[in-house]
Amino acid sequence: MKEVNLAFSQAGVLARGISGYKPRPQQLQMAQAVAETLDRPAGKLVLEAGTGVGKTFGYLIPALLSGKQVIVSTGSKNLQEQLFYKDIPALLAMLDIAPKIALLKGRNNYLCQLRLQQQLDSAQSLESQTLDDLLRLQQWAAASSDGDLGMVATVSEQSPALALVASTRESCIGKRCQFYEQCFTRKARLKTLDAKIIVINHHLFFADWVLKDTGFAELLPKADMLVFDEAHQLPDIAVSYFGQQLSLAAMERLLARIEEVYLNELRDTVQLGDLARRCMSRLADWAQACLQSGQNDWRLLLADKVLAGRSWQLLEEFQALQRLLLAHVGRSEALDDCFEKWLEYLAKLQLFLECDNPSAAYSLELSGRLPMLRMAPIDVTQECMQLFNGDCRWVFTSATLQVNRELRHFAKALGLTDCCEMILDSPFDYQRQALFCVPRQLADVRSDSDYQLQRLLSICLQAIEAAKGRTFILFTSHRMLERVALALRGRCHYPLLVQGSAGKQSLLKKFRQLGNAVLLGTGSFWEGVDVRGHLLSCVIIDKLPFVSPDDNLYRARAAELHRRGGDPFNDISLPQAVIALKQGFGRLIRDEHDRGVLILCDNRIVNRAYGSAFLNSLPPMARTRDINKALAFLQEIK
């Protein structure tokens, strides 16, 4: 603990290594709490660290100084790479230590040499641009030390070639692969075994600990401590991993692989090729029929007797292929692998067709050309209680965990008991730096009136003009985003960047370069976006981000809670909306020199009793109902 205290002192390594460093009491408190958790067997810490506390160094310094093996899990690949390539190396230099560190991503981030070779072998069936990209990937792979596809600079991130060569569970044949020794995924995993700090992401954590989707034996070592940064994402991610999902695209890829085996190895079995092609065609037709139904609630979709009948017929066709594959087991190692994976897919498909788990929500989700079938459990508390147990220490941290000054909602969602809870407020002077405006004369956001749209447009145009661009407009629905984007074109004198017109990182890069742009976005822009300084002065939010009452998982959870005598609004909907609003506001004030205005176009926050939960959870900003005061504040920002 003494070393930790010294590191954050006025004369410590941070003061010597960072120009203009000022000790922050909240950061030291966080580091001390993490260090104490490390010293306590099976310790658990749930800690909200407001923006500006410096939580990254708050957990990294005690982890590095402890000499113990620590896994750090992040909510995004961007933060994962920032930690590994920037923050940790900077700290190692300041602390003058050199422990081994490792970066590990999910398998689909690595190039699979076998898939690359297979694609090049069938080059005659590829488009010329895709073939060019594959050849560039081959050249890059020969020089790459880690095979991380995120590091490829010679191929567009939108290129279909990347998906063709990414490592996948269904294509992996383990030790029988001719590229086993050179395998990038295997080598990445080997690096973690003796590393002291291992940087992963939440999806990879659950894939390893819940699904045991390792391919080459256990993926992650049994570390002394796991730190979850951006921990507010964990409850939703846990639901997806403790449930079931079936990718129809993965089934199609496996059918294509079976046809390849027929063409390359078993040309004497014509029926195999014919049946694989027929199954592919039937799968595509059935998926299209499901999508055309316009129904994403799987239970309601199966209530259509015609579609349900077609679904069971499809399973029968697939089972015929299963019997044919069984008849040829032992003739081809590649076909044997396909058979095992086909059995797994059929078991999942039957589970979805039976649809008999009353404690789960079933849905059909659009995922590229072919949809994904997903089963999400209503409650994962028991599963999480078993997961976050044992001798390992656990730290859960984020800038947005508390609801109404309590951490109970987060801890309950993950089944965390016996844990230390701490809220560390931001050191920023929000009364001086930020103004929160809920304008008067707002329409009821639950209506779909022209007045609502026109009032929102009026507020947006006035704020954009006062801020000289430099504005985020965040929406709770794509439909409203599209309506406002269409209406702003021709009326806004500053560059408009609209989600969907380009990739997220591309839009953010352009926003920073332009210096006076207006960005319109939905869900993915509410969090994980860091625009500092004068480039962003105003965030406008169209309405409070409550979950849609039509959401399948929400409906199932609400029904179950009703049966137990609970309150779905207060126990589910309200806490989720509070966290989401805090995330949206978090885009605005990123450092102690930032100034800005948050405009919420939803008066429910001031005229409904539940509004206090939002207001108590937001930072202590100055508030106003007068749009003119907000405009004047924006005009003062230089």
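Which residues does Arg-299 touch, not counting residues up to four places away in sequence? They are Cys-355, Asn-357, Pro-358, Ala-360, Ala-361 and Tyr-362.

1. **Confidence.** This is a predicted model. The protein chain has a mean pLDDT of 90. Of its residues, 98% reach 70 or more. The exception to flag is the stretch 213-217, where the pLDDT is below 50. That stretch still has 18 contacts in the model beyond near neighbours in sequence. Where pLDDT is low, the predicted coordinates should not be read in detail. Please treat the contacts of residues 213-217 with that caution.

2. **Sheet with β1.** Seven strands make an open sheet with parallel pairing. Their order is β3-β4-β2-β5-β9-β1-β10. The edges are β3 (101-103) and β10 (420-424). Each of the two has a single partner strand, so one side of each lacks a neighbour in the sheet. On average, neighbouring strands are turned by 15 degrees against each other, direction ignored.

3. **Inside that sheet.** Strands β5 (residues 225-228) and β9 (residues 393-398) run parallel and are joined by four bridges. Val-227 stands opposite Val-395 of β9. Helix α3 (residues 25-39) packs on the sheet. The helix touches β1 (44-49), β5, β9 and β10. Its direction makes about 165 degrees with that of β1.

4. **Sheet with β11.** A further open sheet has seven strands, again with parallel pairing. The order here is β13-β14-β12-β15-β16-β11-β17. At the edges stand β13 (496-498) and β17 (622-624), each pairing on one side only. Neighbouring strands in this sheet are turned by 15 degrees against each other on average, direction ignored.

5. Strands β12 (residues 471-474) and β14 (residues 518-521) run parallel, with four bridges between them. Phe-472 has Leu-519 in β14 as its bridge partner. Helix α22 (residues 504-514) lies across β12, β13 and β14. The helix runs at about 165 degrees to β13.

6. **Aromatic pairs.** The structure holds 24 aromatic pairs. One of them is Phe-546 with Phe-614: the ring centres are 5.8 Å apart and the planes stand at 90 degrees, so the pair is edge-to-face. This pair links distant parts of the chain. Phe-546 is in the loop between β15 (538-541) and α23 (552-563). Phe-614 is in helix α26 (residues 611-617), 68 residues apart from Phe-546. Both are buried.

7. **A further partner for Phe-614.** Tyr-610 also pairs with Phe-614. Their ring centres are 6.4 Å apart and their planes are at 65 degrees. Why does this pair count as edge-to-face? The planes are over 60 degrees apart, so the edge-to-face class applies. Tyr-610 is buried, and so is Phe-614.

8. **Aromatic cluster.** One cluster is formed by Phe-205, Phe-206, Phe-228, Tyr-241, Phe-242, Phe-388, Trp-394, Phe-396 and Phe-410. For orientation, strand β5 covers residues 225-228 and strand β9 covers residues 393-398.

9. **Charges over rings.** Two arginines deserve a look. The charged end of Arg-186 sits over the ring of Tyr-180, 4.5 Å from the ring centre. Arg-595 lies over the face of Phe-633, and the distance to the ring centre is 4.6 Å.

10. **Arg-299 again.** This residue is found in helix α14 (residues 298-302). Arg-299 is partly exposed, with a relative accessible area of 33%. Its contacts include Cys-355 and Tyr-362. Leu-416 is 117 residues from Arg-299 in sequence. In space the two are 32 Å apart, C-alpha to C-alpha.

11. **Positive phi values.** Glu-230 is not a glycine, yet its phi is positive, at about 55 degrees. Glu-230 lies in the loop between β5 and α11 (234-242). With 14% relative accessibility, Glu-230 counts as buried. Asn-404 also has a positive phi, near 55 degrees, in a residue other than glycine. Asn-404 is in the loop between β9 and α18 (408-413). Its relative accessible area is 34%, so Asn-404 is partly exposed.

Notes: Residues numbered from 1 in each chain as written. Predicted model: local features only at pLDDT ≥ 70, side-chain atom pairs only at ≥ 80, totals over all residues. Heavy atoms only, no water. pLDDT = per-residue confidence, 0-100. Contact = heavy atoms within 4.5 Å. Phe/Tyr/Trp six-rings, centres within 6.5 Å; stacked < 30°, edge-to-face > 60°. Buried < 20%, exposed > 50% of the residue type's maximum accessible area, 1.4 Å probe, protein only. Lys NZ or Arg CZ within 6 Å of the ring centre and 35° of its normal. Pairing = 2+ DSSP bridges. Axes fitted to C-alpha atoms, helices over the stretch in contact; angles between N-to-C directions.
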